[in-house]
Amino acid sequence: MNDYSIWSLMIDISIVSGLLLVGTILRAKIKWIQALFLPASIIAGFIGLALGPSGADILPFSDQISTYPGLLIAIIFATIPIGSSKVKIGEIIGRIRDMWSYSMLLTLLMWGGGAIFGLLIIGQIFTDLPSGFGLMLGAGFLGGHGTAAALGDAFSLHGWEEAMDLGMTSATVGILVAVLGGILIVKRGTEKGQTQFISSFRDLPSELRSGLIKPEDRTSIGNETVSSSSIDPLVLHLSIVAFVVGIAYWVTQMLGSLLPGISVPLLSIAFVVALLFQMLIRKVKADAYVDQQTMTRIGGSATDYLVVIGIASINVVVVMDYAIPLIMLFIFGTIWAYLIFKFIGPNIFKDFWFEKSLFGWGWSTGTVAMGLSLLRIVDPDLKSKTSDDYALSYIGMVPVEIMIITFAPILVSIGLPWVLPITLLASGIAIIVAYKYFGLWGLAAKRKEKH
């Protein structure tokens, strides 16, 4: 489709929606797919890739399909602060110190480790590679398709067009590593008695395998905060998100005209605008009419669409051109993430180290959603409070992630690719040293010795 129109958009949405339905059905009905625990969006994405422009070229995607992830990731980040509950700083520090430290280490080490490996090893073998190649590990494995879209979009503004395809490939491979590696880790953990809530991998509820929830186990996806006689509650929340993203886009355009040499990602501005919007509605006491759960569902919906589109729009030719360095990067990333799981998690967490570290494995190789999916396998009732602690610690994580996505392409484009990875790794080492200095390192081991 050369002439893009509103109907081109409608056809793209229709195709992606159909693929999601097919992915959901396949996950619900086919046993071997259930055994892989792959999300329906991943299954749908692979089908789209096989039947799309890079495959059989049967699905009539428009030529704008690869531009959607940049908008979707802005929607995702816009939904994070809006509707969030007010939390006291003392409560945050006292409760989630260890989860925040572990999350921060995952962020610093995955981004920094991948970037350093790309510069020191891969870049020395393949001298024509862009100096930001190693950043694809952090973008794809730790960040997922959303972050890969954001970083790829930012790099494309600096002339590296292939970054989007490489990032999406990294995110897709990362999810496969998260699922397959996570299942092996769970099986081994149950055999060694490291899990606290399940004794066998076979003791899993059916909904984790099929993806379908029984009627008696279903919960509400959100609360109505306004009367439908005035405005539909879902429309209210969608309007807020659309308004915030629209303002963010206007700001990025204005910044682009004022600072032509600097490209600020849309997601960064969307998060800041959303944060200001949340502060405003809290100031006028209107925040009670915005439901955080509904905002989370909107962000989750955007994520599913982003994953399908991200995988389906991958340019296989570009990926094949980078095949060997990508394989090297993915092998390093898998080993690096496992070392973090094995040696850092047990030394930081005092309780439920396996469950919390498994969540970290899923997040550092796939996405936060994959981390939560693996967590549900070993902690079906979420008694470890891992998800609650992460939700609180993420408040302090978002600015760091946004700064990395914002400044990494800028530093690479001006010839300073070493600055960010050295800073990140040095910060990670500082956190570990601080834990050792205050006698907090090795908490799980000390607890085991007492028992």
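Histidine 237 is found in helix 10 (residues 233-258). Keep in mind that this is a predicted model.

Q: Why is histidine 237 called buried?
A: Its relative accessibility is 0%, and the cut-off for buried is under 20%. So histidine 237 counts as buried.

Q: What caps the N-terminal end of helix 10?
A: That's aspartate 232, with a side-chain oxygen 3.0 Å from the backbone nitrogen of leucine 234.

Q: Which helices do the buried residues of helix 10 pack against?
A: They pack against helix 4 (68-78), helix 11 (266-283) and helix 12 (292-312). Among the buried residues of helix 10 are Leu236, His237, Ile240, Val241 and Val244. As for that kind of spacing, an α-helix has 3.6 residues a turn, so residues three or four places apart point the same way.

Q: Why is the pairing of arginine 97 and aspartate 98 called a salt bridge?
A: Their closest N and O atoms are 2.9 Å apart, and the limit is 4 Å. Arginine 97 is partly exposed because its relative accessibility, 40%, falls between the 20% and 50% marks. Aspartate 98, at 14%, is buried.

Q: What makes aspartate 287 and arginine 282 a salt bridge?
A: Their closest N and O atoms are 3.9 Å apart, within the 4 Å limit. Aspartate 287 has a relative accessible area of 25%, so it is partly exposed. Arginine 282, at 26%, is partly exposed too.

Q: How many salt bridges does the structure hold?
A: It holds 3. One of them joins aspartate 389 to lysine 356, with the closest N and O atoms 4.0 Å apart. This pair links distant parts of the chain: aspartate 389 belongs to helix 17 (residues 386-413) and lysine 356 to helix 15 (residues 353-365), 33 residues apart.

Q: Why do aspartate 389 and lysine 356 count as buried?
A: Aspartate 389 has a relative accessible area of 8%, and lysine 356 comes in at 11%. The cut-off is under 20%, so aspartate 389 is buried and so is lysine 356.

Q: How do you know that glycine 366 is buried?
A: Its relative accessible area is 0%. This glycine lies in the loop between helix 15 and helix 16 (368-378). Not counting residues up to four places away in sequence, glycine 366 touches Gly140, Phe141, Leu142, Gly144, Gly174, Ile175 and Ala178.

Q: Which residues have the most contacts inside the largest nonpolar core?
A: Phe133, Leu135 and Leu151, in a core of 127 residues. Helix 5 (residues 89-125) gives the largest share of this core, 12 residues. Leucine 135 is in contact with Trp111, Ala115, Leu151, Phe155, Ala408, Val412 and Leu420, leaving aside neighbours within four places in sequence.

Notes. Residues numbered from 1 in each chain as written. Predicted model: local features only at pLDDT ≥ 70, side-chain atom pairs only at ≥ 80, totals over all residues. Heavy atoms only, no water. Core = buried A, V, L, I, M, F, W, Y, C linked by side-chain atoms within 4.5 Å. Buried < 20%, exposed > 50% of the residue type's maximum accessible area, 1.4 Å probe, protein only. Helix = DSSP H or I, 4+ residues; strand = E, 2+ residues; numbered from the N terminus. Contact = heavy atoms within 4.5 Å. Polar contact = N/O pair within 3.5 Å; in protein donor to acceptor, adjacent residues only side chain to side chain. Salt bridge = Lys/Arg side-chain N within 4 Å of Asp/Glu carboxyl O.
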